[in-house]
Amino acid sequence: MEVTDPNVWKKCSICKKPILWAARYYVCSVSTCNGDRTGYVFCSVSCFDAHLPGARHRQAGAIEKMAPKSAGDTSSRTLIKPATATSAGPSTHGGSKPIPRDTLIIASRLKEYVTAKADYNTSASVMDVLSDYVRVITDRAIDNARAEGRKTVLDRDFDFLKKG
C-alpha cells in the first residue's frame with residue numbers, strides 16, 4: 001500500500017485510516033499476519049478484531065506498538081504484549097463463547113453399568129454430578145497438555161488419576 005503523505009507512516013489494513021509517524025498502532029500476535037510479506041497494521045483494537053474472522057487464528061492477540069519517529073528511524077518498541085490465553089475461568093474458554101454446561105455422561109450406559117455391577121438403580125441427578133467431576137479432571141488434563149506445549153489432550157495428561 002503506497003503512502004504519499006509525508007506525515008503518514010502506513011495505513012490501517014482494515015479501515016485504511018492513516019497511521020502517523022510516532023503514533024500508536026497494533027499488530028497481530030500471529031507471525032503470518034505481522035511478517036514482511038503481509039505486514040498487517042491496525043489503527044485500533046476494533047480494526048484488529050475485524051481481521052480475525054477471515055484470519056481464522058486459534059489464538060491471537062493485538063500487540064500495541066509505536067510507529068517509527070521518522071523515515072530513517074527503524075526502531076519500533078512494543079508497549080504492551082497481551083497475555084496468552086490460558087484458563088479463562090469457569091465461564092469462557094479463551095474467547096467470548098461460554099463453556100457448554102451439557103451433561104457429559106451417557107445416562108443409559110451408566111445406568112446399565114450400575115445395574116450390571118450391583119443391581120442398583122441410578123438417579124438422574126447423578127449425571128450432573130459426574131459431569132462436573134469430568135470437567136474438573138479434564139481441566140487439569142488441559143493444563144497438563146498446555147504445560148507440555150501441546151494443543152491436544154492425550155491419555156497421559158490424565159496420569160494424575162493413577163497416582164494415589
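Q: In what order do the elements of the protein chain run from the N terminus on?
A: From the N terminus on, the order is β-β-β-α-α-β-β-α-α, and the secondary structure of the protein chain comes to four helices and five strands. Helices (H or I, at least four residues) and strands (E, at least two) are DSSP runs, numbered from the N terminus.

Q: What kind of model is it, and how are residues numbered?
A: This is a predicted model, in which local features need pLDDT of at least 70 and side-chain atom pairs count only at pLDDT 80 or more, while totals for chains, interfaces and linings use all residues. Residues are numbered from 1 along each chain as its sequence is written, and side-chain values use heavy atoms, with hydrogens and water left out.

Q: How much of the protein chain is buried?
A: Buried residues make up 21% of the 164 residues in the protein chain, where buried means under 20% relative accessible area, exposed over 50%, and partly exposed in between (1.4 Å probe, protein chains only).

Q: And which strands pair, starting with β1?
A: Strand β1 (residues 8-11) is joined to β2 by three bridges, and the two run antiparallel; K10 has I19 in β2 as its bridge partner. Two strands pair if DSSP finds at least two bridges between them.

Q: What does K16 do in that hairpin?
A: The hairpin of β1 and β2 has six residues between the strands, and K16 takes a positive phi near 70 degrees there.

Q: Which strand is β3 joined to?
A: Five bridges join β3 to strand β4 (residues 62-66), and these two strands run antiparallel, with Y25 standing opposite K65 in β4.

Q: Why is β3 described as largely enclosed?
A: Because four of the five residues of strand β3 (residues 24-28) are buried, the strand is largely enclosed by the rest of the structure.

Q: Back to phi for a moment: what is the phi of A22, and where is the residue?
A: A22 has a positive phi of about 65 degrees although it is not a glycine, and its place is in the loop between β2 (18-20) and β3. With a relative accessible area of 37%, A22 is partly exposed. As background, most residues other than glycine have a negative phi.

Q: What about D119, buried or exposed?
A: D119 is exposed, with a relative accessible area of 65%; this residue lies in the loop between α3 and α4, and its phi is near 55 degrees, a positive value in a residue other than glycine.

Q: Where is T122, and what is it in contact with?
A: T122 also has its place in the loop between α3 (107-118) and α4 (125-147), and at 16% relative accessibility it counts as buried. Leaving aside its neighbours within four places in sequence, T122 is in contact with L110, K111, V114 and M127, contact meaning heavy atoms within 4.5 Å.

Q: At what angle do α3 and α4 pack?
A: They pack at an angle of about 105 degrees, with their axes 11 Å apart, which makes α3 roughly perpendicular to α4. The contact is made by A107, L110 and K111 of α3 and V126, M127 and L130 of α4. Axes here are lines fitted to C-alpha atoms, for helices over the stretch in contact, and angles run from 0 to 180 degrees between N-to-C directions; those under 35 degrees count as roughly parallel, over 145 as roughly antiparallel, 65 to 115 as roughly perpendicular and the rest as oblique.
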